[in-house]
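Trainee: I would like to learn how to read helix contacts and salt bridges in a structure. Could we go through one together?

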There are 2 protein chains.
Amino acid sequence: MTTQVFGHKSPDTDSTGSPIIWAWYMTEIKGEAAKPVLLGEPNTEAAFMLEHWNLDKPEIIGDVEDGAPVVIVDTNNPAELPANVNGADIRGIIDHHKLVGGLETKGPIDIRIEPLACTATIMHKMIGKDMAQAPQAIKGAMLTCILSDTLEFRSPTTTQEDRAVAEALAQELGLDLTDYAAKMFAAKSDVSAFSDAELIRMDSKEYEVDGTKFRVSVLETTAPEMPLGRKESLMASMKDVAAEDGVDEVLLFVVDILKEEATLLVPNDLVKGVAEKSFGATVTGDTVVLPGVMSRKKQIIPNLKV
Amino acid sequence: MTTQVFGHKSPDTDSTGSPIIWAWYMTEIKGEAAKPVLLGEPNTEAAFMLEHWNLDKPEIIGDVEDGAPVVIVDTNNPAELPANVNGADIRGIIDHHKLVGGLETKGPIDIRIEPLACTATIMHKMIGKDMAQAPQAIKGAMLTCILSDTLEFRSPTTTQEDRAVAEALAQELGLDLTDYAAKMFAAKSDVSAFSDAELIRMDSKEYEVDGTKFRVSVLETTAPEMPLGRKESLMASMKDVAAEDGVDEVLLFVVDILKEEATLLVPNDLVKGVAEKSFGATVTGDTVVLPGVMSRKKQIIPNLKV
């Protein structure tokens with residue numbers, strides 16, 4: 001039975017590329033039939049990666065069958081996975097997020113979680129010398145995942161290991177890293193096709209602080225004027241999204257990759273208080289700039305106060 | 001702050017030896033202050049290992065402080081760990097059991113779980129070429145852990161990797177593997193100093209089947225006549241242990257390492273039914289022999305039916 005390899009819902013570049021990389025490794029190197037699948041439409045940067053490297057877009061699935069063999073990458077959070085994930089036969093987990101608890105396996109399996117910026121970096125290490133057999137497209141997907149998750153090494157989640165792997169891959173591929181990253185970020189920044197609610201949910205995680213449930217949404221972009229030009233309708237939409245998703249408040253951070261700062265939308269006094277208490281910011285209007293803030297994992301979530 | 005490295009409660013050989021191995025690696029190779037600790041008295045085989053290799057018995061601790069740095073080995077089950085484990089700063093997990101769910105970490109950390117017979121085998125791989133710097137006692141502890149968890153390669157949990165590492169270590173140590181294993185098992189088999197309740201709880205895991213809570217206890221021994229000679233008082237004690245520990249029934253399997261079979265004590269009709277439904281056994285008296293059954297993880301738990 002073919003093993004399905006998938007990342008999290010609302011797939012970003014790492015959750016689109018890492019399943020492709022690992023399914024290649026399982027099938028071609030280990031001789032175990034595997035295929036990458038997605039839990040939703042890939043974002044525009046992930047779509048750029050597929051097109052640039054001429055990779056097939058993986059099938060989008062809804063749920064998984066009882067007993068179906070699966071490998072989970074780039075998350076260990078049941079809330080970001082198919083409803084029946086604990087009913088499946090989880091064969092492996094490769095991830096770089098904190099352990100959330102909630103996934104259960106039927107027997108001992110291979111689990112590898114490391115505090116690196118990107119799942120693909122961990123895979124590069126696990127594949128080891130077999131990387132010599134990887135086609136250009138697999139190396140290209142790996143490079144794209146790492147540049148995406150590190151924001152071209154600007155994010156504070158970046159480790160020396162992520163950087164070294166990405167630079168080596170760029171050299172092997174004969175690719176100008178900065179030029180390629182600029183194309184990726186331009187693809188990610190083109191959000192014109194998305195509705196406000198889609199933008200809010202695109203890269204978003206739920207997080208609770210002292211009983212208040214937040215949807216913490218991030219838009220990484222090289223063109224912050226695109227989402228910020230829509231701030232009024234985005235703020236209006238935040239109320240509806242919060243109600244629909246059963247959270248108290250949406251926090252939307254527009255991360256300017258090049259200027260290395262985030263702009264938080266401030267629709268009300270609750271969010272104003274969050275900005276002041278969490279980031280020591282002085283809020284005067286309906287947005288506030290947070291210099292240096294780029295990472296939800298390292299800078300936003302650990303500081304969040306109500 | 002010194003990192004505490006520990007395994008599960010009721011420490012067996014792997015949960016005594018692996019913390020010693022990993023604390024050595026962290027301190028001597030990685031330069032991070034660490035010390036092994038235990039969550040209870042080591043069993044007689046683990047005590048033999050400490051004495052044979054002239055290793056200090058690690059300090060026994062009760063609970064862990066809020067924010068204290070810890071590395072967890074040989075389990076990922078909160079029920080087998082200090083009450084405040086999720087309040088500690090979990091820095092790493094190295095294990096070979098199924099993922100139970102329930103542990104949470106504050107950020108992404110190093111987690112390595114593999115379906116091998118023994119935690120020490122995973123550590124041997126992770127330590128890699130730095131094993132060249134390991135003192136005899138660390139190699140000896142590794143070997144003891146692997147021989148213990150594999151019952152000298154007789155257990156069906158044994159992988160080729162466990163076996164290869166153990167055989168290489170025995171050779172490096174200039175040690176007759178079979179002779180050494182016999183000494184270990186003799187130490188484990190000397191259960192004369194333990195009360196019935198201590199014997200029942202010595203190597204025991206709770207497991208629920210269709211609403212019935214079991215304490216599934218295993219006694220691995222080369223002298224089955226020792227515990228079986230006390231079967232009446234053991235069976236009487238099982239009732240008290242079940243009541244005290246809040247489970248419905250104790251299942252006590254006396255595993256004969258050399259004959260590769262288990263004898264299950266059958267104090268009542270519930271356990272008789274379990275033996276018949278789970279193992280297809282025909283029960284006539286107050287014990288039943290289960291040929292080939294040696295592993296709780298691979299053979300007992302997966303088959304348990306009420």
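Mentor: What follows covers a helix contact and then some salt bridges. This is a predicted model, in which local features need pLDDT of at least 70, side-chain atom pairs count only at pLDDT 80 or more, and totals for chains, interfaces and linings use all residues. Residues are numbered from 1 along each chain as its sequence is written, chains are lettered from A and ligands numbered from 1 in the order in which they are written, and side-chain values use heavy atoms, with hydrogens and water left out.

Trainee: At what angle do the axes of H3(A) and H5(A) cross?

Mentor: Helices (H or I, at least four residues) are DSSP runs numbered from the N terminus, as are strands (E, at least two). Axes are lines fitted to C-alpha atoms, for helices over the stretch in contact, with angles from 0 to 180 degrees between N-to-C directions. Here helix H3 (residues 119-127) and helix H5 (residues 160-173) of chain A have axes that come within 10 Å and cross at roughly 75 degrees. H3(A) is therefore roughly perpendicular to H5(A); that class spans 65 to 115 degrees, while under 35 is roughly parallel, over 145 roughly antiparallel and the rest oblique.

Trainee: Which residues make the contact?

Mentor: Contact means heavy atoms within 4.5 Å. H3(A) contributes Thr121(A), His124(A) and Lys125(A), and H5(A) contributes Glu161(A), Asp162(A), Val165(A) and Leu169(A).

Trainee: Where do the partners Arg230(A) and Asp196(A) lie?

Mentor: Their side chains meet in a salt bridge at 2.9 Å, N to O. Arg230(A) is in the loop between helix H8 (225-228) and helix H9 (231-245) of chain A, and Asp196(A) is in helix H7 (residues 196-202), so the pair ties together parts 34 residues apart in sequence.

Trainee: Is Glu261(A) buried or exposed?

Mentor: Buried means under 20% relative accessible area, exposed over 50%, and partly exposed in between (1.4 Å probe, protein chains only). Glu261(A) counts as buried at 16%, whereas Lys259(A) is exposed at 58%. The side chains of Glu261(A) and Lys259(A) meet in a salt bridge at 3.8 Å, N to O.

Key: A salt bridge is a side-chain nitrogen of Lys or Arg within 4 Å of a carboxyl oxygen of Asp or Glu.
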